[in-house]
Amino acid sequence: MSDLTSAGTAVGGAPIGGHGPGADTAATGGKERSASLWADARRQLVRDPVFVIAFLYVLVVGSMAAFPKLWTSQDPRDCTTDRSRIPPSWDHPFGFDTLGCDYYSHAIYGARPSMTIAIMATGAMVIVGGVLGMLAGYYGGWTDTIISRLMDIFFSLPFLLGAIVFLTVIKRQNIWTIAGVLFLLSWPTIARIMRGSVISSKDLDYVHAAKAVGATNGRLMFRHILPNAIAPMLVYATIVLGAFVTAEATLTFLGVGLQPPTQSWGIMISAHQVYFLEDPWLLLFPCGLLVGTVLSFILMGDALRDALDPKFR
Amino acid sequence: MGRYVIRRLLQFIPTVLGTMFLLHYITSLAIQFSGNPVRALFGDRTPPPALLEAVTERLGYADPCLDQRFNPCLGLFADRVTGVFFQFDFGINLRQREVTDLVADAIPYTLKLLVIAIVFEAVVGIAAGVWAGLRGGSFADNLVKISTVFVISVPIFVLGVVVREFVGVKFGNVLRDQTWIPEVLSNGVFSPGFKPDYPFASLVIPGMVLGAVSLATTARLTRTSIMENIRADYVRTARAKGLANKRVIGVHTLRNSLIPVITFLGVDIGSAMAGAVVTETIFNVPGIGRLVTLSARTGESSVVIGVVTMLVLVVLVANLLVDLLYAVLDPRIRYE
Amino acid sequence: MSTDVNVKLDALPGLDPNAMPLQVKDLHVEFRTRIGTARAVNGVSFDLRPGETRAILGESGCGKSVTAQAIMGILDSPPGFVTGGQILYRGVDLLKLPEAQRRKVRANRIAMIFQDALSALNPVFTVGFQLGELFRKHRGMSRAEGKARAVELLDLVRIPAAKQRVNDYPHQFSGGMRQRVMIAMALALDPEVLIADEPTTALDVTVQAQIMALLAELQRERNMSLLLITHDMGVVADVADRISVMYAGRVIEEAPVGDIYETPAHPYTKGLLESIPRLDLKGQELAAIKGLPPALTNIPKGCAFNPRCRYAQDVCRQDPPPPLYQVSPYRTAACHFWKEVKADV
């Protein structure tokens with residue numbers, strides 16, 4: 001995954017910019033409708049086996065990241081080289097890595113940086129991108145022009161290249177800087193989605209009605225427009241969580257992301273790629289965890305979109 | 001059409017300058033906070049003062065504004081922009097080689113890789129998408145739908161490493177044991193990395209890996225697009241005109257359905273360039289992507305900045321061309 | 001891409017030049033979807049004489065457009081399937097023809113005009129290309145000849161500056177001009193039967209009249225048979241010779257146009273007429289038919305109209321749907337109580 005926008009398009013199938021779902025959810029109208037839209041969506045999601053499985057998987061990975069002690073009592077830093085590359089056994093389900101560290105506990109502890117980075121970057125992206133997108137869409141005119149040009153500038157940096165440049169220049173590669181860079185390069189996508197949905201919902205009759213009875217701009221934006229515009233953003237944010245997990249691993253793999261001795265899936269993959277033929281499990285376990293996580297986020301986003309978009313009912 | 005082109009060009013110029021300023025400002029900030037990067041690069045060794053000074057001077061790092069934190073260094077920026085556009089100057093590396101020379105050496109490999117990737121993803125992606133789209137809900141449709149989700153969720157570096165080891169090493173070793181297999185196949189196509197002896201054959205598999213991710217996107221996009229258009233009224237009109245099915249699908253449906261796909265492929269050139277960084281690193285291709293990775297690993301930020309500036313310009317021009325192409329393909333845009 | 005040079009339609013097996021241009025007998029069409037089978041057309045029969053205009057009248061969803069698409073052979077299939085009956089063009093059953101021959105009947109012998117010309121014309125090709133295509137693919141003409149003929153056609157439907165406009169795209173035309181292009185496209189190969197599916201619904205009232213007048217004139221000149229599909233009783237009164245009223249996939253009344261307006265013999269037809277606003281009845285409440293047309297997946301037992309009918313008796317609810325009773329030598333109605341309905345003014 002080298003480009004976030006392509007992830008969105010791939011899964012959404014809609015043209016870049018998210019006009020599709022935005023326009024539709026907006027068209028459903030008032031707040032009461034949107035309340036029942038969410039209730040309907042929840043009912044449909046609970047019944048969708050794909051969503052439930054993906055959600056459980058994410059829950060498992062999330063608990064690994066939050067409470068690694070729940071999953072393993074081993075210390076991933078307890079290494080002796082004479083145990084180097086011992087294959088999986090009952091006591092050590094993932095075996096040992098080249099340095100003789102328990103690989104299973106390494107994998108458990110490796111979930112944390114990936115998930116932390118993904119969640120922090122997504123959170124910042126949703127807040128900043130969402131607000132800027134809403135301002136651009138709501139006020140239009142100069143505000144829109146400035147924010148849109150700013151978006152164009154960040155869009156013109158291919159995601160991975162931009163991340164490499166920033167991380168090389170900053171020279172400090174830790175969870176915070178990586179999350180910051182991922183956020184910096186991805187907020188325009190959310191802003192563009194938000195802007196599109198705000199533009200399509202701000203001309204609806206009930207918004208005019210609220211304006212007519214003297215609602216303030218802030219109230220109009222947050223009470224009347226936001227609830228309608230939030231669905232496509234939520235769908236994209238879910239998918240992007242997966243994309244960020246990939247991005248962190250890719251940057252680490254290239255050597256500009258997290259550095260050993262930090263534990264992360266990206267480091268596990270990049271350190272053991274040459275042992276693939278003799279001891280394939282050294283590569284397959286972290287790859288499997290990584291792919292499973294990304295896949296789960298994408299499937300969740302997909303199911304969420306189907307549930308929130310009345311067109312797919 | 002003319003007004004559309006002009007409007008698009010007017011948007012293009014601030015975007016180019018803005019992007020260059022972004023790259024410039026981030027470099028300046030880094031220098032303002034952590035000092036001259038050239039000195040740091042030499043590590044513990046004391047660089048010859050003459051060299052240090054020459055490189056620093058050449059890269060403009062001697063500018064006094066770089067001592068003031070948060071100063072945007074507009075003068076330096078103006079110098080850089082004129083350097084880029086009038087002298088084609090994208091900076092130098094530590095051995096005082098021009099970045100343009102480094103890129104010139106690397107670009108043939110990257111271009112070949114990109115061509116293979118784009119052709120692969122366009123041909124296979126569109127074919128799969130059309131196949132699935134025409135048979136909505138069938139086995140073919142579900143197969144394409146499910147397999148594309150899987151391809152999308154496999155990071156390109158995981159795919160690259162697995163393909164290199166399985167196809168290049170393991171399967172390649174089997175082939176290399178057989179005497180009747182032509183060398184081009186066993187040592188070229190199925191080699192675990194780039195081989196200078198087979199400058200094209202050994203790029204086929206890396207190119208396919210690079211194209212794989214966007215291949216899935218292309219297929220999905222084509223599929224949805226075809227499914228939307230196949231039920232369109234004008235397709236029904238084409239049937240009512242007594243045209244053969246081949247023509248109804250091949251001319252009236254496809255022409256409309258491929259507009260978003262072609263736009264995507266054009267935009268995808270940018271992400272394919274970024275993806276080339278990963279693919280070239282894995283398959284050891286001496287292209288621009290590996291140049292970026294190697295410079296990034298050693299911390300030679302001047303090279304990274306120079307190369308990325310160049311790539312961004314290429315991407316922006318490509319996007320501009322795609323937009324104009326879009327207007328050519330879809331007459332409704334032209335007359336807006 | 002093959003070119004079908006000079007279609008030899010005389011070679012159609014069983015073609016009888018003296019038979020009627022179009023005859024539909026007991027046509028059945030089903031839509032098989034996940035939520036169930038919708039019986040969109042249930043035994044529709046009618047015929048079309050040379051030079052005649054027959055209107056098929058009904059609300060949306062009554063099966064009139066599906067009938068038209070079945071005649072053209074352009075049903076979306078799946079989910080739509082013709083499950084029974086015959087569609088005869090001069091005695092030849094089109095449903096039994098191999099696809100290659102059936103294709104040649106389209107546009108050459110039976111052509112169609114669609115409701116919304118903006119979506120029915122391909123947005124990415126010029127009007128000239130889309131018109132010329134007919135001559136290139138059906139008559140084997142060159143691109144230049146095709147374009148020349150396209151200009152003639154645009155002239156024929158009175159589009160000003162046809163020579164220049166032939167290079168324009170559909171979205172550059174106004175609604176009325178676009179519908180003229182549609183008509184030109186349908187007339188291109190000089191068909192004997194023209195099916196017009198709601199040709200004026202998407203247009204302004206003034207433009208509607210112009211388009212209908214143009215259609216009528218062209219029809220007269222070429223002695224074409226016109227099958228006019230519409231829900232608009234006003235349009236029908238002016239141009240149609242005979243009318244078939246459809247409800248829930250059946251023809252429920254068939255009559256010469258004057259008879260229908262004077263003495264409707266089916267309560268549904270009567271209801272339709274009463275729901276037209278009339279100046280002479282100004283001030284009175286407008287009568288509307290109660291309720292909604294039935295879902296085609298769930299057509300009521302007995303006469304499909306019985307839940308909305310003020311004449312309905314037990315017989316309408318329990319017996320199979322009423323047959324078409326002969327009301328006069330020229331007209332039929334599918335109502336057990338047609339005498340009462342007809343007498344009740």
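In which sense do S6(C) and strand S7 (residues 193–197) of chain C pair, and over how many bridges? To answer this in the viewer, which holds a predicted model, select both strands: the pairing of S6(C) and S7(C) is parallel and comprises four bridges. Next, display Ala111(C) and look across to S7(C), where Leu194(C) is its bridge partner.

Now widen the selection to the whole sheet of chain C. Eight strands form this open sheet, with mixed pairing, in the order S6-S7-S8-S3-S9-S10-S12-S11. At its edges stand strand S6 (110–113) and strand S11 (325–328) of chain C; each has a single partner strand, so one side of each is left without a neighbour in the sheet. From one strand to the next, the twist averages 25 degrees.

Select the 53 residues that chain B brings to the contact and the 46 residues from chain A. On the side of chain B that touches chain A, the elements giving two or more residues include helix H1 (2–34), helix H9 (204–230) and helix H13 (301–329) of chain B. Another of them is helix H11 (245–283) of chain B; H11(B) gives the most to this side, with 11 residues. Finally, colour the side of chain B that touches chain A by residue class: 32 residues are nonpolar, 16 are polar and five are charged.

How values were computed: Residues numbered from 1 in each chain as written. Chains lettered and ligands numbered in written order. Predicted model: local features only at pLDDT ≥ 70, side-chain atom pairs only at ≥ 80, totals over all residues. Pairing = 2+ DSSP bridges. Axes fitted to C-alpha atoms, helices over the stretch in contact; angles between N-to-C directions. Contact = placed C-beta atoms within 7 Å. Nonpolar A, V, L, I, M, F, W, Y, C, P; charged D, E, K, R; others polar.
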